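Welcome! Take a look at the structure, then read on.

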Amino acid sequence: MHDHRKLGRELGLFDTDPLIGAGLPYWLPDGAIVRHTLEEYIRDAERRAGYRHVYSPVLGKRELYELSGHWSHYSEDMFPPMDLGGEQVVLRPSLCPHHALIYRSRAHSYRELPLRMAELGGMYRAELSGVLGGLTRVRAIHLNDAHIFCTFDQAADEARAALELIRRAYGALGIRPARYRLSLPGAGGKYVADPGMWQRATALLTGVLDGSGVVYEAAEGEAAFYGPKIDVQVADSAGREATLSTVQVDFHQPEQFDLRYVGPDGTGHRPVMIHRSIIGSVERAVAHLIERHGGALPAWLAPTQMVVLPISDAEVPQAADLVRRCVDHGIRAEIAGPEHGSLGARVRAARLVPYQAVIGAREAAADRVALRLRDGHRLDALHTAEVLTRIGALIGAHSTDLWDTDSRA
Ligand SMILES: [Zn+2]
């Protein structure tokens, strides 16, 4: 596999500057397109699955993290607090405390549960500069996060549904888990002390994993401080594993924040909190996508989806017209004219672009294009309208296929 740091810079997706600081990458225009497209895919998948999106600030008062337990269990990963007019504010290490407060701000009936609250938001981790690099170890993280507030009886179904969202997203992204891991607490004081809570949460996740039919391994010392989790592991170019997606069961923070819902009996009950992330942070997800695909991202994610190649200057007007029609069909297209070199050189320069549309005199006269696919296939000249419709449909369906194979023959 490729190193995403090298390839990401070559492709103009992201970069860093020592003056901004280690672990604080910025996204270049093509990288921003990839990120935006990925975020919109996730938000749409979540909307369809019944999630509601919120925004919350990246800062909070120190007391918030004392209450959530981060201060006593997680402070070595947190940025030092900032003194501000007699109080201390902290860059948040996770979104959960904010979401717990948003839940708590309104009264809830059991009829509203499961309440699925999602946010693709920023959080910060005080990584040491020695371990920083590219997009995989960063200090500013943008997490595809969600918290599901539900009854205990609903928790297993919600965890199962989250695993299914992860499975579908991996299909659209063309990535595969290295393995599933049931992450359990280990020795030491990193974990909240409540053996009964750990037992119930672990039994719940074990049941979900056993029922889902996936092969998994249990690993001690990998749980969150507040509860066990299912981690979906992926491998990087050096074979190192990292957690991309996760589903966690948490009885601790609902207790800490005194979260309640009114049950059918008219009295207050404690909800369970399920933390889940479909693709983890956008940083790590894009790093993995670059490495897994060697920069040849699925067509729906590619910064440029079609490059239009007029054979000579005479076809430049038709090529420019095709670019405009692509935009109308939601296809990101660019023209690479004869001033960029021979046709062969332009084809090679666009080797990572999913679709290359060649227009010569014959195609220009008949409103056709000769399509080359990134995988080397060349199609007979097709009507432009048909090409746009078929590519637009594949992109709209988040397909990893470059062409609908039935009709390729
Ligand atoms: Zn959380």
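Two strands are said to pair when DSSP finds at least two bridges between them. With that in mind, look for an open sheet of five strands, arranged in the order 17-16-18-19-20 with mixed pairing. Strand 17 (333-335) and strand 20 (382-383) are its edge strands, each pairing on one side only. Inside the sheet, strand 18 (residues 355-359) and strand 19 (residues 368-373) run antiparallel and are joined by four bridges. For one of the residues involved, glutamine 356, the bridge partner in strand 19 is arginine 372.

Now step back for the overall view. This is a predicted model, and the protein has 13 helices and 20 strands. Its C-alpha trace spans about 75 × 50 × 40 Å along the principal axes. Of the 409 residues, 51% are buried. Among contacts with a separation of 6 or more, 70% are between residues 24 or more positions apart.

Is histidine 147 buried or exposed? Buried means under 20% relative accessible area, and histidine 147 has 0%, so it counts as buried. The table sets this value beside those of two other residues.

| Residue | Relative accessible area | Class |
|---|---|---|
| Histidine 98 | 8% | buried |
| Histidine 147 | 0% | buried |

Histidine 98 deserves a look of its own. This residue is found in helix 5 (residues 96-104). What does histidine 98 contact, leaving aside its neighbours within four places in sequence? The list is Ser56, Pro57, Leu59, Gly60, Leu64, Tyr65 and Arg92. With a relative accessibility of 8%, histidine 98 is below the 20% cut-off and therefore counts as buried.

How does the lining of the second largest pocket divide by residue type? Eleven of its residues are nonpolar, three are polar and four are charged.

Terms used: Residues numbered from 1 in each chain as written. Predicted model: local features only at pLDDT ≥ 70, side-chain atom pairs only at ≥ 80, totals over all residues. Heavy atoms only, no water. Helix = DSSP H or I, 4+ residues; strand = E, 2+ residues; numbered from the N terminus. Buried < 20%, exposed > 50% of the residue type's maximum accessible area, 1.4 Å probe, protein only. Contact = heavy atoms within 4.5 Å. Nonpolar A, V, L, I, M, F, W, Y, C, P; charged D, E, K, R; others polar.
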